Amino acid sequence: MQALALSCAMFLHGVAGFTIFPAATRNSYHNKLATHHEIMSPCEEEWIPLCDNGAVKKKILEEGSGDALAQLGSEVEVDYVGTLGEQDWSVEDVVECWLKNQQGLDAVAPAFLSSGVDGTMLMDSSVFTDEFVTNELGVSNKIQCKKLIMASKRLAKQQQDFPVGTEFDSSAGRGPYKFTLGKGKAIRAYELCVPTMKAGERSLLLCRSDYAYGAEGFRRKTGEVIVPPFATLCFDIKLLKC
């Protein structure tokens with residue numbers, strides 16, 4: 001977890017915290033952002049999976065004109081805008097991304113899988129109830145039952161407090177972000193995506209939280225939450241140099 005936090009902090013230009021930019025300061029690249037409808041209702045056939053579990057995928061918006069793909073060990077430059085993505089979790093996503101981070105509750109994973117507890121069910125308080133957790137998931141320990149219920153309620157509240165499409169960071173006004181591929185300087189999703197890109201390519205990058213800011217999210221030094229825990233993220237990213 002410490003390593004994840006370090007790579008996340010280093011990712012954002014090495015600054016302490018990052019800035020939410022008003023619309024007036026965004027550059028022409030930023031103005032070409034895909035609409036929130038594209039982010040919330042993706043056409044699955046247009047998305048290219050970047051890992052076996054489908055937790056990271058990209059959609060090419062503009063083809064690159066370069067001759068070669070970005071290589072590990074090379075310094076790259078990207079423009080980007082980061083927004084909160086739709087938390088459309090499958091049953092496997094819930095287990096891998098969320099349940100494994102609930103201390104002492106790993107043993108419930110088979111019950112989650114057999115009962116089909118996906119993200120929608122998990123965050124529906126009329127379905128994910130004490131009775132469901134006790135009878136369907138077989139959690140007889142009252143403390144563990146309460147922990148699951150409270151954690152699911154926190155997750156659901158985050159969806160209201162941090163709606164899909166909320167911008168949390170941008171390279172606009174700061175210039176391109178530069179980092180060396182394969183050195184752990186960027187979030188895992190970037191390390192998977194950029195090596196598949198040619199100079200000039202612009203893509204949407206959609207990633208599950210365990211390939212971004214994880215179970216802790218990202219906060220300013222003041223404690224203000226910028227990226228909530230378990231947040232799915234969407235980046236509009238353009239590779240400028242590789």
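**Exercise 1. How many cavities of 30 Å³ or more does the structure hold, and which residues line the largest cavity?**

Solution. The structure holds 1 cavity of 30 Å³ or more. On a 1 Å grid over the protein atoms alone, a cavity is a set of points where a 1.4 Å probe fits but cannot get out, while a pocket is an open set with protein on both sides within 12 Å along at least five of seven lines; lining residues have an atom within 4 Å of a point. The model is predicted: local features need pLDDT of at least 70, side-chain atom pairs count only at pLDDT 80 or more, and totals for chains, interfaces and linings use all residues. Residues are numbered from 1 along each chain as its sequence is written, and side-chain values use heavy atoms, with hydrogens and water left out.

Step 1. The volume of the largest cavity is about 70 Å³, a volume being the space filled by probe spheres set on the points, with grid points joined across faces, edges and corners.

Step 2. Its lining consists of Leu84, Gly85, Gln87, Gln158, Gln159, Phe162, Pro163, Val164, Pro228, Ala231 and Thr232.

Step 3. By class, the lining of the largest cavity has 6 nonpolar, 5 polar and no charged residues. Here Ala, Val, Leu, Ile, Met, Phe, Trp, Tyr, Cys and Pro count as nonpolar, Asp, Glu, Lys and Arg as charged, and the others, Gly among them, as polar.

**Exercise 2. Describe the second largest pocket, then examine Phe230 in its lining.**

Solution. Step 1. The second largest pocket has a volume of about 170 Å³.

Step 1. Trp98, Asn101, Gln102, Ala151, Arg154, Leu155, Gln158, Ala215, Pro229 and Phe230 line this pocket. Helix H7 (residues 142–161) gives the largest share of the lining, 4 residues. Helices (H or I, at least four residues) and strands (E, at least two) are DSSP runs, numbered from the N terminus.

Step 2. The lining of the second largest pocket divides into 6 nonpolar, 3 polar and 1 charged.

Step 3. Phe230 sits in the loop between strand E8 (225–227) and strand E9 (233–241). Phe230 counts as buried because its relative accessibility is 9%; buried means under 20% relative accessible area, exposed over 50%, and partly exposed in between (1.4 Å probe, protein chains only).

Step 4. Phe230 is not a glycine, yet its phi is positive, about 65 degrees. Most residues other than glycine have a negative phi.

**Exercise 3. Which side chains make polar contacts with the side chain of Arg208?**

Solution. Step 1. With 6% relative accessibility, Arg208 counts as buried.

Step 1. The Arg208 side chain makes a polar contact with the side chain of Asp93 (2.6 Å), and another with the side chain of Asp210 (2.8 Å). A polar contact is a pair of N or O atoms within 3.5 Å; within protein, one must be able to donate a hydrogen and the other to accept it, and residues adjacent in sequence count only if both atoms are side-chain atoms.

Step 2. Leaving out residues up to four places away in sequence, Arg208 touches Asn53, Ala55, Trp89, Asp93, Glu96, Cys97, Ala231 and Thr232, where contact means heavy atoms within 4.5 Å.

Step 3. Asp93 and Cys97 are among the buried residues of H3. In helix H3 (residues 91–98), 6 of the 8 residues are buried, and these buried residues pack against helix H4 (109–115), H5 and H7.

**Exercise 4. What are the totals for the protein chain?**

Solution. Step 1. The protein chain has 8 helices and 9 strands.

Step 1. Of its 242 residues, 45% count as buried.
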